[in-house]
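Please look over the sequence and structure first.

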Amino acid sequence: MIKQKPGYMVAILGATGAVGKETLEILEERKFPLAGLRLFASKRSAGGVMTCQDKEWEVEELTESSSFEGVDLAFISATDAISKDYGQRLGAAGIAVIDDSAVFRMDDQVPLVVPEVNVAALRAMPKGIVSIPNCTTTPLVMALKPLHDAVGVKRVVVTTFQSVSGTGAAAMDELMDQTKDLLAFRDVTTKVYPYQIAFNLLPHIGSFNEGGNCSEEVKIERETRKILGMPGIRVTATTVRVPVLRCHSEAINVELERPLKANEARAALAAMPGVIVYDDPVKKLYPMPLDATGKDEVYVGRVREDESIANGLNLWVVSDNLRKGAALNAIQIAECLVNG
């Protein structure tokens, strides 16, 4: 935990990226106690100005000689190389580091945290670093936690439908440009993804391993076990990139330890902090990316019993990957650290 004081000097590494911009917005929305703000980005973005809490802050170039003297807390949302280098360096210097990459997530000495699920993990930060999970793992564990607490979870099968914002601003531009080209009957160009993403689906996120699994799928499986503290839980994932600008969706099938009726599951989910149950089949109410965009909560719907297995349950989950999947989760962790 960080020593409590009226305001904190905060650094953001990767401030001009999609998650960095979202972080600034949420710091302002939640009135995080700022004593000062240091914004770091590449040389190309240096010299620009960004606004937060009614003040303008100049963007600095991140270099080997960048000084972090006086910084209490650092958010890193940049490349893996920057996370590895600066995360370890800043953590060793006594700065609390909240990292958005996969570099430290499976390190036994680095807590992997979703505050609503496992805030107690923040009590031990021997490296001064805390990781936030993959933007698909976070909504998954928030849906699983109340079910596990109620009756226990044995096995999870999840298929994700991930928006292009998970790849970054360039991917969002590519989707828009390809859509415009196709509607104008022009050929499309691909730079970010290996294939056209507009009006298409790519069942491939990350790199493939020898077993044919994508790195994104492996992350979900491993991170879910660590966050829930259940190394033996069976988890399998299939990850799909879809032509949606923002918000990730997930189709989740859960095998439970004991029976749980759909209405009981809805009640357990509704009582979970940060979760909204949006589920009325008669009125065709179910979560969609348009519902969750810009929202903090994880939306759950299509809750129904799976009669193909004993104690089975199906869920549909949607959340804003740039907010709860990244920036908001990081800031909630910071709030926990400064509030003790």
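**Strand hairpin and helix packing**

Strands E3 and E4 form a hairpin with two residues between them, and Gln53 in the turn has a positive phi of about 50 degrees. The model is predicted: local features need pLDDT of at least 70, side-chain atom pairs count only at pLDDT 80 or more, and totals for chains, interfaces and linings use all residues. Residues are numbered from 1 along each chain as its sequence is written, and side-chain values use heavy atoms, with hydrogens and water left out.

**Hairpin**
- E3 (residues 49-52) and E4 (residues 55-61) run antiparallel and are joined by four bridges (strands are DSSP E runs of at least two residues, numbered from the N terminus; two strands pair if DSSP finds at least two bridges between them).
- Val49 has Glu58 of E4 as its bridge partner.

**Helices H1 and H9**
- The axes of H1 (residues 18-29) and H9 (residues 323-339) come within 9 Å and cross at roughly 50 degrees.
- The contact (heavy atoms within 4.5 Å) includes Ile26 and Leu27 of H1 and Ala327 and Ile331 of H9.
- Its residues divide into seven nonpolar, one polar and three charged.

**Helices H4 and H7**
- The axes of H4 (residues 137-151) and H7 (residues 262-270) come within 9 Å and cross at roughly 115 degrees.
- Ala143, Pro146 and Leu147 of H4 meet Ala265, Ala268 and Leu269 of H7.

Methods:
Buried < 20%, exposed > 50% of the residue type's maximum accessible area, 1.4 Å probe, protein only. Axes fitted to C-alpha atoms, helices over the stretch in contact; angles between N-to-C directions. Nonpolar A, V, L, I, M, F, W, Y, C, P; charged D, E, K, R; others polar.
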